[in-house]
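Good morning, colleagues. Please take a moment to look at the sequence and the model on the screen before we discuss a few of its residues.

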Amino acid sequence: MNDALANAVQTLVDAVPDPTTGLPDEIFYYISRTTPLINVDLLIKDAAGRTLLAWRDDVLAGTGWHIPGGIVRFKESIDERIRQVALREVGIMVDFDHDPLAINEMIHRDRELRGHFISLLYNCRLEATFVPENRGLTPGDAGYLAWHDAYPENMIAYHHVYRKYI
C-alpha cells in the first residue's frame with residue numbers, strides 16, 4: 001500500500017473509532033458506493049392480515065409507502081437490527097421469525113450511493129389492537145405509520161418486489 005493510501009485509511013480509522021455505533025454520513029456514503037449493504041425489512045402484520053407500512057419521502061427512494069427497515073451495523077446481529085428498527089420506526093418491539101421470509105438482491109444501477117443491497121425480509125407480528133402513535137406526524141410526513149389491508153399503489157418502486165407479501 002502506498003503512503004497516500006495508508007494515510008487515507010488511517011484518517012478513516014481515526015474518524016470512526018467505534019464503527020458499531022454507526023458511521024458519519026460521508027464515510028457511510030463512500031462505503032455504499034463500493035460494497036453491497038445488508039439490510040433487514042420488517043413485514044409487520046396483525047391478526048387481521050393487515051400490513052404496517054411507513055411513509056417515505058427522500059431523494060434516494062422517492063415518495064411512497066415502504067416496509068420499515070434498516071442496514072445492519074458492523075458487529076450487530078440481524079436480530080439486534082430487527083429490534084432496533086422496530087423500536088426506532090414503530091416505537092414498539094415486534095415478534096418475528098428468526099429465518100428470513102425472502103432474500104432479495106437489489107441493484108440500483110441508476111444510483112451511485114446505496115446502489116446495491118442484500119435485503120432480508122422478516123415476517124413480524126403485532127397485536128391487532130396496536131395503533132401507531134405517529135408522535136406528531138401527519139399523513140405525508142416521512143415516518144408516518146398506517147395499517148394497510150392491501151398493497152398500496154403508491155408504494156416506493158424499490159419495494160414492488162414485496163407486492164406478493166402485502
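This is a predicted model: local features need pLDDT of at least 70, side-chain atom pairs count only at pLDDT 80 or more; totals for chains, interfaces and linings use all residues.

Let me begin with a question: which side chain meets that of Arg125 in a salt bridge? The partner is Asp97, with an N to O distance of 3.0 Å. This pair links distant parts of the chain, since Arg125 lies in strand 7 and Asp97 in the loop between strand 5 (95-96) and strand 6, 28 residues apart.

In general, side chains of opposite charge can pair when their charged atoms come close. The whole structure contains 6 salt bridges. Among them is the one between Arg50 and Asp46, whose closest N and O atoms are 2.6 Å apart. Here Arg50 is partly exposed at 22%, whereas Asp46 is buried at 6%. Another joins Glu76 to Arg81 at 2.7 Å; Glu76 is buried at 17%, and Arg81 is buried at 6%.

I turn now to the backbone. Lys75 is not a glycine, yet its phi is positive, about 65°. Lys75 sits in the loop between strand 4 (69-71) and helix 3 (78-90), and it counts as exposed because its relative accessibility is 69%.

Arg114 likewise has a positive phi, near 50°. Its place is the loop between strand 6 (102-107) and strand 7 (116-125), where Arg114 is buried at 19%. His108 belongs to the loop between strand 6 and strand 7 and is buried at 9%. Beyond its sequence neighbours up to four places away, His108 touches Arg114, Gly115, Phe117 and Tyr158.

Notes. Residues are numbered from 1 along each chain as its sequence is written. Side-chain values use heavy atoms; hydrogens and water are left out. Helices (H or I, at least four residues) and strands (E, at least two) are DSSP runs, numbered from the N terminus. Buried means under 20% relative accessible area, exposed over 50%, partly exposed in between (1.4 Å probe, protein chains only). Contact means heavy atoms within 4.5 Å. A salt bridge is a side-chain nitrogen of Lys or Arg within 4 Å of a carboxyl oxygen of Asp or Glu.
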